[in-house]
Amino acid sequence: MTSQEYKETKLELEGWPVNVTSYKLGDRFYCKVDNVSPGAWLARTTGATREEAEQAALERARQMLGRTRRQAV
Amino acid sequence: MANYAHPEVLVGTDWVAEHLNDPNIRIVEVDVDNKAYDEGHVPGALAWPWNTQLCDTVRRDILSQKQFEELMASSGISNDTTVVIYGDNNNWFAAWAFWQMKIYGHKDVRIMNGGRKKWVAEGRDLSMETPKPSRTAYKASAPDNSLRAFLPQVQTAAERESADLVDVRSPQEYTGEILAPPGLPETCQRGGHIPGARSIPWGKAVNDDGTFKSFEDLKNLYGSEGVTGSRPVIAYCRIGERSSHTWFVLKYLLGFKDVANYDGSWTEWGNLVGAPVERGAAAAKASYPRAS
């Protein structure tokens with residue numbers, strides 16, 4: 001089995017830059033969302049289509065990023 | 001990879017693809033947990049989840065010598081096995097495993113340049129099968145703690161400015177604007193950085209495809225912040241995994257002699273009562289409380 005239709009996109013989510021990576025494996029699409037800095041993955045999802053997988057991952061990542069508090073420095 | 005100080009510790013994805021069936025090589029995917037591995041992994045690769053197999057799950061520590069020997073034996077790894085490690089998050093946890101294997105003296109351990117990201121992006125084979133290796137006998141060396149920095153050493157280094165402290169977290173974590181990477185749980189009481197530490201985020205050491213930058217680029221990156229290897233270096237982050245990545249770069253790609261990973265990192269320092277903390281990008285050095 002090999003990954004197909006590999007795609008990376010950079011977006012801004014809740015004010016934070018993220019990388020959205022998706023690809024097809026078998027008959028499923030896999031998606032993960034990483035924060036650009038430091039680069040940790042926030043959400044991993046699967047779906048029957050790329051859109052379904054990405055939508056679920058972005059929603060999960062949005063919830064997590066929305067909890068990030070900024071301090072005054 | 002020829003310009004690196006120790007090019008033998010890096011292998012490319014092509015090399016791994018050509019050695020999938022080599023009986024003297026054990027390939028291991030190392031991530032924070034098994035989610036990525038379960039989606040499909042390099043054929044024949046085992047999984048070592050960081051949160052259960054590469055740390056003591058009772059007290060905060062790396063594996064004991066005995067625990068490490070058990071992990072190697074149950075993974076079918078002998079003292080003379082070539083171990084190739086790769087992982088998600090640009091090899092953070094792979095570098096953590098590499099660091100721990102060097103602490104316990106494993107001779108031949110290598111990192112797959114570009115990690116899981118590059119393997120998947122290149123459309124290479126992915127397997128859903130989990131290998132069942134035959135158990136081996138494994139004898140680890142006593143821990144080489146010169147590769148590891150403990151709190152007292154870091155306190156001394158900060159107080160006396162006797163080592164280059166390298167903070168590899170994101171700029172916002174360094175300044176204190178955020179207490180943890182965006183989206184992750186806050187695990188410290190105070191934000192900021194250890195006084196005197198230079199901010200050199202780990203991600204500056206890699207290219208977009210996850211591979212390490214060239215020797216010349218790395219030398220310029222750290223040299224521009226005054227980190228040249230002419231004196232001891234201590235790298236730290238939040239929990240020690242990103243800094244093990246930088247430790248690998250400094251020790252094996254640039255060849256610095258005296259580099260330690262402070263795995264207590266900010267989750268230790270940022271929770272200490274009375275520890276000096278600098279905030280902002282260019283704060284003045286904080287006064288350090290001296291023991292009476």
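This is a predicted model: local features need pLDDT of at least 70, side-chain atom pairs count only at pLDDT 80 or more; totals for chains, interfaces and linings use all residues.
## Basis

Local features need pLDDT of at least 70 and side-chain atom pairs count only at pLDDT 80 or more, while totals for chains, interfaces and linings use all residues. Residues are numbered from 1 along each chain as its sequence is written, chains are lettered from A and ligands numbered from 1 in the order in which they are written, and side-chain values use heavy atoms, without hydrogens and water.

Helices (H or I, at least four residues) and strands (E, at least two) are DSSP runs, numbered from the N terminus. Buried means under 20% relative accessible area, exposed over 50%, partly exposed in between (1.4 Å probe, protein chains only).

Helix α7 of chain B spans residues 151-160, and its buried residues are Leu151(B), Val154(B), Ala157(B) and Ala158(B). They lie on the same side of α7(B), because they cover an arc of only 125 degrees around the axis; the arc is that of the directions from the helix axis to the C-beta atoms. Pro152(B) and Arg160(B) are exposed on the face turned away from that buried side. The buried residues pack against β6 (164-167), β8 and α11 (265-269) of chain B, where contact means heavy atoms within 4.5 Å.

## Cys237(B)

Cys237(B) sits in the loop between β8 (233-236) and α10 of chain B. Its relative accessible area is 0%, so Cys237(B) is buried. Beyond its neighbours within four places in sequence, Cys237(B) contacts Val168(B), Arg169(B), Arg242(B), Ser243(B), Ser265(B) and Trp266(B).

## Helix α9

In α9 of chain B (residues 215-223), Phe215(B), Leu218(B), Leu221(B) and Tyr222(B) are buried. These residues fall within an arc of 125 degrees seen down the axis, so they line one face of α9(B). Lys219(B) and Asn220(B) are exposed on the face turned away from the buried side. The cover over the buried residues of α9(B) includes α10 (241-253) of chain B.
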